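Let's explore a protein together, one question at a time. Have the picture ready as you read.

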Amino acid sequence: MYLAICILLLHVTVVQNDKLQDREEKMPTIDSDTLKWIHAIYGGLGPVLNSPLNRRTRRSEKIIIKPVPEQIHISYGDNPTEMVVVWSTPSPGLPSVLYGLANANTTEQTTGTSKHFTFGNPEGLQYLHRVKLKNLSPGSKYTFKVQTDDEESQPFEFTAMRDGYDWSPNLLIYGDMGVKGGAPTLLPLNREASSGLMDAIIHIGDFAYDLHDEGGKVGDDFMNRIQSLATKLPYMPVVGNHEIANEFSHYRYRFSTPNTDWPIPIDKMWYSFNMGNVHFIIYSTEVFFTYGPDYTQYQWLQADLIKANKNRDKQPWVIALGHRPMYCSNSDGDDCTHTFSRVRHSLEELFHTQGVDVIFQGHEHSYERLYPIFNNEVFSKDYTDPQAPVHIITGAAGCNEFNKICINPMLGPIKSWSAFRAWLPGLYSYGKLMIANGTHLQWQQILSVNGQVMDDIWIVQHHHGPFKMR
C-alpha cells in the first residue's frame, strides 16, 4: 500500500529539473479510476474529510483537478413533481443528474446550470451546480447520481412529494446547527432521515457557524456533514443572522428555494410551498436588521397569506418559519427580549389577522414553547382551538459559540406566556412536526443525546382562518 501511494505521488509530482528542456510541457493528469480510488480512501475516514484531490491546488503545481462532486443536497422545486439537486466541485464541468425509479436503472438524464462562486468564498469550492428534475411521479422513490463531466457521485435515493391534500406530512425542524457544535444532533437526524417516516427538513437559520468562515472551508465541511441526510430528504433553508456576511452570498449560492431564481436574489430570501394539507411560509427576519427590503417582503407575505386563506378548505394549516423570535425568555438582550421588538412590531399583527396557526423560530440557543399569544396577551392556557398563533423556538441543534456550549440562559421568573422552556448547556435537541389531519398536529422536541422526548404537545384547531383582534 505504501509503495503504491509513493508511486502515485511520484506520478503527479511536478518535476522541477534544470535539465528539463521544455518547461511548457503538459503536466500529467490522474486517470479517473485512480482518482476515485484515492477519494474512496479519504472518504472512508468520515463525512467531513474530503480527498485533497477534491480541493483547489496552487497554480504552481499545475495539477489538473477533476470536478468530483461533493456537498450534494436536494430541495423542493416549484411544484410537487419537481426536485432540485445542488452540489459543488473543485473545478468546472457540465452538470447533469442521472436518475430513475428506485431499483431500476438511472436511465434518465437532465442537465442544469453552474455558477462560479467567489464572493466571500476564496478558499471554498467555487463551482456550484444546480439541476432541476421535473415530471416526477408523486410519492415514488427515485435513485439518482450527480455527474460533472465524467465524474459521478455514488447513488442516492429520495421520495418525490406525494400529491393531493389527504396525506399527513412529517418534518424535522431545527435551527442553529454548527459544523462542530451540531455533531451530537447530526447522528439522530441521520437516523430520522433513514427511518422512512420523515418527508422533509426545515433548518431555521444559522448554518455551520459560519458558512463563510475560513474563506468558505467551514461551509464546505458543513455541507458535506449534512449530505447523508440532505440527499434523502429535501433540505429547506431559512436565512439567519449568521448568513449576513458578504451580502448573504453563501446562503444564496449554496441553497435553492421554490419559485425563486438561483442564486437566490438578495431581495427574495423568502418563499412558500405546500405539502399535503399544510401551507408553509418561510420569511426573513434579517430584513429588519440589515439593508433588506422589509416592505417588499411584507407585501409578499400579505399576498401569500390572503391566497392561502382562500384555500384553507384544502390546506387548513398555515405554518410560518423565521429565524429570530418575536418573544423569548432569554437573558441576552436580543431583539425578542425588548418591549419594542422589531420582528414582533413588523409581523405579529399580520400573522394574527391572517390566522397563522404556528410560528417556528430559532436564533436563541434554547427551546421554548409559548401559549397562544398576541400583543403580549395570552389567549388561552391550552392548545384546543387557539385564537392566536402558537410560537415555538427550537434553536438548540448545537451551535459553535462559547466553545460549542451554546449558552443563551433563561434567568428570572417564568413569563405568563411561557408554557415550557429548556436551556441547560449542552442540552441539544431538535423538533418533529407531525400533521395528523386537517384539525390535529403533534409537535415533539427530542434530546439529541438519547432520543428522549422532552416536550410533546397536540394542537387542535377546528376553526382555521383569520384570528380576531381584541
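Predicted model: local features only at pLDDT ≥ 70, side-chain atom pairs only at ≥ 80, totals over all residues.

Residues are numbered from 1 along each chain as its sequence is written, and side-chain values use heavy atoms, leaving out hydrogens and water.

User: Is isoleucine 281 buried or exposed?

Analyst: Good place to start! Isoleucine 281 sits in strand 16, residues 278-282 (strands are DSSP runs of E, at least two residues, numbered from the N terminus). Buried means under 20% relative accessible area, exposed over 50%, and partly exposed in between, using a 1.4 Å probe and protein chains only. Isoleucine 281 has a relative accessible area of 0%, so the residue is buried.

User: Which handedness does the disulfide of cysteine 328 and cysteine 336 have?

Analyst: A disulfide is a pair of cysteine sulfur atoms within 2.5 Å, and cysteine 328 and cysteine 336 are joined with S to S at 2.1 Å. Both of these cysteines are buried. The torsion about their S-S bond is about 80 degrees, so the disulfide is right-handed.

User: How many charged residues are in the lining of the largest cavity?

Analyst: Here a cavity is a set of points on a 1 Å grid over the protein atoms alone where a 1.4 Å probe fits but cannot get out, and lining residues have an atom within 4 Å of a point. The largest cavity is lined by 13 residues, including His365 and Tyr428. Asp, Glu, Lys and Arg count as charged, Ala, Val, Leu, Ile, Met, Phe, Trp, Tyr, Cys and Pro as nonpolar, and the others, Gly among them, as polar. By class, the lining has eight nonpolar and five polar residues, and the number of charged ones is no residues.

Key: 1 Å grid on protein atoms, 1.4 Å probe; cavity = no way out; pocket = protein on both sides within 12 Å on 5 of 7 lines; lining within 4 Å. Helix = DSSP H or I, 4+ residues; strand = E, 2+ residues; numbered from the N terminus.
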